[in-house]
Amino acid sequence: MLDNIKIKLQYWLPKQALTRLAGWGASKQAGWLTQLVVKTFTRYYRVDMQTAQNPDLASYVTFNDFFVRPLREGARPIIGDTNWLALPADGTISQLGPIRDDLIFQAKGHHYSLEALLAGNSMLVEPFRNGLFATTYLAPRDYHRVHMPCAGVLREMIYVPGDLFSVNPLTAAHVPNLFARNERVICVFDTAIGPMVQILVGATIVGSIETVWTGTVTPPREGIIKRWAYPATGEEGAIALEKGAEMGRFKLGSTVINLFTAGSVQFAPQLNNGSVTRMGEAFAEILAAVAAAESPQI
C-alpha cells in the first residue's frame, strides 16, 4: 500500500517545480542553514566523508558544493590493465546484460527500447542492437561525479527533455519506460572498442546535470531536443578523455546508463543486479583481449 502511494505521488506532484526549487535552494549560501542541511544529510544518509578531498563539513558554503565534492587522491584507483574498462561511478548496478535486438530490461515486467532511449536517432540505435547495457543507480549517499570507463573522443552530445520521476529501484519497478521518459544527456564517444554511449539520466530534485566540456547542460529546461557535434579524433578542438577521467556530474542523485556494441566487451563476472560499484574498479573486459587469452599458445 505504501509503495503504491509513493508511486502515485510521483505522477501527481509538480516534479518540475519541486526540482527548480531544490536547485535554487542547493545553490544558495545560507550560512547556518546550509550547515544544518549538510550535516543532517550526511548523518541521515551515512555519507562517507573520509573519501572526500575535503572532509570538513563546515567548509562547504552551499549544498551543491558539498554534493559534488571531489574525492581525495587515491580514494578510487583506476584499474590499470588496458584490457579492462573501469566502472564509471559509485552506486549500485540496477540492471545489466544483453540488449535484445533493441529492447533493454528495466525491471521485472518492464522493458524500454533503444530507439526511445536515444530519442529516435536511428543511426545511433543501429550499432547497439544486440549489444550490452549497464544501468548504475547513484543513491544520495554516493559520490556524484561520473567518469570514463575507457579512453574516448566525444562525437556528439544530445539533450533530451522529459519527465523527472525518481530513478530509485521502487520507481524502476513500477513506472514503465522510466529511463526513456526522463530527462537525459546522451554522450556518444568514439573509442578503441567502437562507439560507446554514456547517458546521464535526470530525476526528481536533480537540480543540474553538467559535463566537463560544457558545464551546466540543464537547467534551463526549454522542452526541446538539443544536439551538439564535436571534432573527430585528430581534428583541432577534439575532446579526448582518458580512462577514469571525470566527464560529468549530478547535483543530487540519479542514474548512469552505458551502451556497448555487440562483441566489444563482456562484463566483469562479479557484477550482477544489486552489485555495489566503486568508480575505477573492473567493469568489463575487452573481448579481443579475452579471445587472445583463450587462444592456444603455439
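Reader: Is strand β7 of this model largely enclosed or open, and why?

Author: A residue counts as buried when its relative accessible area is under 20%. In this predicted model, strand β7 covers residues 152-160, and eight of its nine residues are buried, so the strand is largely enclosed by the rest of the structure.

Reader: Which strands are joined to β7 by bridges, and in what sense do they run?

Author: In a regular strand the side chains alternate between the two faces of the sheet. As for the partners here, β8, residues 184-191, runs antiparallel to β7 and is joined to it by eight bridges. Strand β12, residues 226-229, pairs with β7 over four bridges, again in the antiparallel sense. Strand β13, residues 240-241, is antiparallel to β7 as well, with two bridges between them.

Reader: Which residues have a positive phi although they are not glycine?

Author: Two examples may be given. Arg-46 has a phi of about 55°, and Ala-119 has a phi of about 60°. Arg-46 is placed in the loop between α3 (32-45) and α4 (63-67), whereas Ala-119 is in the loop between α5 (114-117) and α6 (122-125).

Reader: Is Arg-46 buried or exposed?

Author: The cut-off for an exposed residue is over 50% relative accessible area. Arg-46 has a value of 74%, so it is exposed.

Reader: How should I read an annotation, and where does UniProt place the feature "active site"?

Author: The UniProt entry, which is unreviewed, places "active site" at Asp-90, His-147 and Ser-254. These positions are spread over 165 residues of sequence, yet they cluster in space, with a largest C-alpha distance of 14.3 Å. From this set, Asp-90 is part of the lining of the second largest pocket.

Reader: Where is Asp-90, and is it buried or exposed?

Author: Asp-90 lies in the loop between β1 (84-86) and β2 (91-98). Its relative accessible area is 3%, so Asp-90 is buried.

Reader: What does Asp-90 touch?

Author: Leaving out residues up to four places away in sequence, Asp-90 touches several residues, among them Arg-76, Leu-138, Tyr-143 and Met-279. The side chains of Asp-90 and Arg-76 are also joined by a polar contact of 2.8 Å.

Reader: Where is the place of His-147, and what is it in contact with?

Author: His-147 is in strand β6, residues 145-147. With a relative accessible area of 8%, His-147 is buried. When its neighbours within four places in sequence are left aside, the contacts of His-147 include Pro-88, Gln-198, Glu-246 and Met-279.

Technical notes: Residues are numbered from 1 along each chain as its sequence is written. This is a predicted model: local features need pLDDT of at least 70, side-chain atom pairs count only at pLDDT 80 or more; totals for chains, interfaces and linings use all residues. Side-chain values use heavy atoms; hydrogens and water are left out. Buried means under 20% relative accessible area, exposed over 50%, partly exposed in between (1.4 Å probe, protein chains only). Two strands pair if DSSP finds at least two bridges between them. UniProt positions are given in the numbering used here, feature names are shortened, and annotations may be inferred rather than shown by experiment. On a 1 Å grid over the protein atoms alone, a cavity is a set of points where a 1.4 Å probe fits but cannot get out, and a pocket is an open set with protein on both sides within 12 Å along at least five of seven lines; lining residues have an atom within 4 Å of a point. Contact means heavy atoms within 4.5 Å. A polar contact is a pair of N or O atoms within 3.5 Å; within protein, one must be able to donate a hydrogen and the other to accept it, and residues adjacent in sequence count only if both atoms are side-chain atoms.
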